[in-house]
Amino acid sequence: MKILITGATGYLGSRLTQRLQQEGHVLVLLVREPKAILSASFANMTIHKGDITDPASIAKAMEGCTHVYHTAAVAKYQSSGMDRFYEVNVTGTRNILEAAMRFNIQKLVFTSSAAVFGPSLDIPLTEKDPRIESFESDYDFSKHLAGNLVREFVQKGLNAVIVNPSRVFGPGPATYSNGVTRMIRYLLTKKILFIPEIGAYRSNYSFIEDVVDGHVLAMQKGKAGESYILGGENISYAELFNSVAGYSSSKCRLIKIPVDIIKGAAHFTSLFNRNTELTASLITRFAKHRMLNSRKAISELGYRITPFQEGLHLTIDYLKNYAP
Amino acid sequence: MNREKYTLITGAGTGFGKALALECARLGHPLVLVSLPGPELSCLADFIRKNHQVPVISVETDLSEEGNCIALYNRIRNAGIRINVLINNAGIGGTDRFEKKAMSFYKKQLQVNVLAPTFLSYLFLDELKSNSPSHILNVSSMAGFFCVPQKQVYGGSKSYLLSFSGSLALELKKQNISVSVVCPGAMNTTDSLTWQNKKASHILKWSVMNPERVASIALKKMFAKRKVIIPGFWNNVICLLHRLLPEWFRVFLMEQQLKRIERKQDPQKQGLAGTVSIAA
């Protein structure tokens, strides 16, 4: 068993790499920037500098591999540069899938996102539920199209499984794709935080270690062409802020601002700064329930959910000890 | 027997029909959802039952067959289900040069877009009369107003619905049945259309609407018995301009549009769009 991992420098990818390394697997990493690899040890690990948008570099890395975890993606939400989402997340995935067919890969796990299922009403969504809203975010739409590609290749005979993590949080670098951890760090270090008035809306938060386990389980037991939500508990924003404040004894003051005012500000900022992280559609994303049901992964894969409070405490302890 | 009155929606499994179904459910209307066979319809029906607590009857059938339209009517009547809203949404779209598609495609397109709404309105007429106040909503398109390039048959079928609805509305007013026709512009319904709309020129992009928004406007105005429903500010601006501009200028604009479409169809210039349209 020789495993190729894409996206190994990302939050999830780096944790997955560590886990597989601990389990003693032979790993091949396809990375754009080898220096960005966070692993403490490089035992049983081959590093290929390359890019999933460059099929030649994929071929070099994938040759001789038997299994693939495809976690690489552009995850950052922003208004400009939408083509990059499709170039990397769709065309890049197509490149990986084509190579996987060519090199007779035994099994591939594709990291999608629970964002492809969209917002929920009052009942947590399952993999079968229809999307009730059109795609607004280019990230969500690109991941949806990439998932379609995976299913298309499964029809052609590829053994591939899709996993859909929800909002991942946990110890580790507070990167863009670790948004909850970033928020916690903010609460720990800053005096004041402006938040949209959306306290009642519930979202789903998955603990990083659960999601890593979910990937490994999907490789072992996932059925070809199926999607598995890798989620956690459904928590309201109010509960989230209160839990963080309660455990961390944060002195940060939360100031609630009506959603419409934030939207106005977002429109205003986007006039001057195309790279702003504050976009009106991003705010709208938060003013909705995004509840998920991980029952399928639990019953079919043996996925387990760490209680939210436990995961949160581990994250806060980590941030207090290791991060400034 | 259930005494509640149901709303029947065709083409309800995906796209605009799905948005109409979700909006009707949100408003609390019991539903008969009709769609082509496939997994989408039962998933949608389950979702609506769970989340909105309204009864849903789903029927998987192909309305391009006259016999299936009749069978649908008989099935609803025999089950004792009372219909007071009929939404003829099912349709087959398409943008291509006329000679590129087979005659069999156009036959099917006309059967679904023209004959099915005609037959269903005919079959359910007595039902709608006895359950009045009732409503018929036909789903036309902005392409029903204009001669949009490469939408010859589609545009023609949508013009038919405009004309059919207007005339029928006059007849049925006394029986307390309103007949409305909704003419959406570009909508983010399928993956490939969503992709096209993202890549569209600025002015076109402004007019793009999400189906859930159009569904909410269409239903509100249908219940208000509005005859012709044009959803969205920009679509109304386009319609107004269409009326004000001289003929030669409208033809000029459409010719420009045709050139743009033909440029996009050039496979050498597709690039990323080609990749995604295959994915979609």
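**Ground rules.** I am working with a predicted model, in which local features need pLDDT of at least 70 and side-chain atom pairs count only at pLDDT 80 or more, while totals for chains, interfaces and linings use all residues. Residues are numbered from 1 along each chain as its sequence is written, chains are lettered from A and ligands numbered from 1 in the order in which they are written, and side-chain values use heavy atoms, with hydrogens and water left out.

**Entry 1, the sheet.** I looked up the strand order in chain A and noted an open sheet of 7 strands, S3-S2-S1-S4-S5-S6-S10, with parallel pairing. At its edges I found strand S3 (45-49) and strand S10 (227-230) of chain A, each of which pairs on one side only. From one strand to the next the twist averages 20°. For my own reference, helices (H or I, at least four residues) and strands (E, at least two) are DSSP runs numbered from the N terminus, and two strands pair if DSSP finds at least two bridges between them.

I then followed strand S1 (residues 2-6) of chain A, which pairs in the parallel sense with strand S4 (residues 67-70) of chain A over 4 bridges; within S4(A), His67(A) is the bridge partner of Ile3(A). Helix H1 (residues 11-22) of chain A lies across S1, S2, S3, S4 and S5 of chain A, and runs at about 160° to S2(A) (axes are lines fitted to C-alpha atoms, for helices over the stretch in contact, and angles run from 0 to 180 degrees between N-to-C directions; contact means heavy atoms within 4.5 Å).

How many disulfides does the structure hold over all chains? I found 0, where a disulfide is a pair of cysteine sulfur atoms within 2.5 Å. Cys69(B) is in no disulfide either, with the nearest cysteine sulfur, that of Cys24(B), 20 Å away. Cys24(B) counts as buried at 1% relative accessibility, and Cys69(B) counts as buried at 0% (buried means under 20% relative accessible area, exposed over 50%, partly exposed in between, with a 1.4 Å probe and protein chains only).

I placed His135(B) in strand S5 (residues 134-139) of chain B, where His135(B) counts as buried at 7% relative accessibility. The C-alpha atoms of His135(B) and Val85(B) are separated by 4.8 Å, although these residues are 50 apart along the chain.
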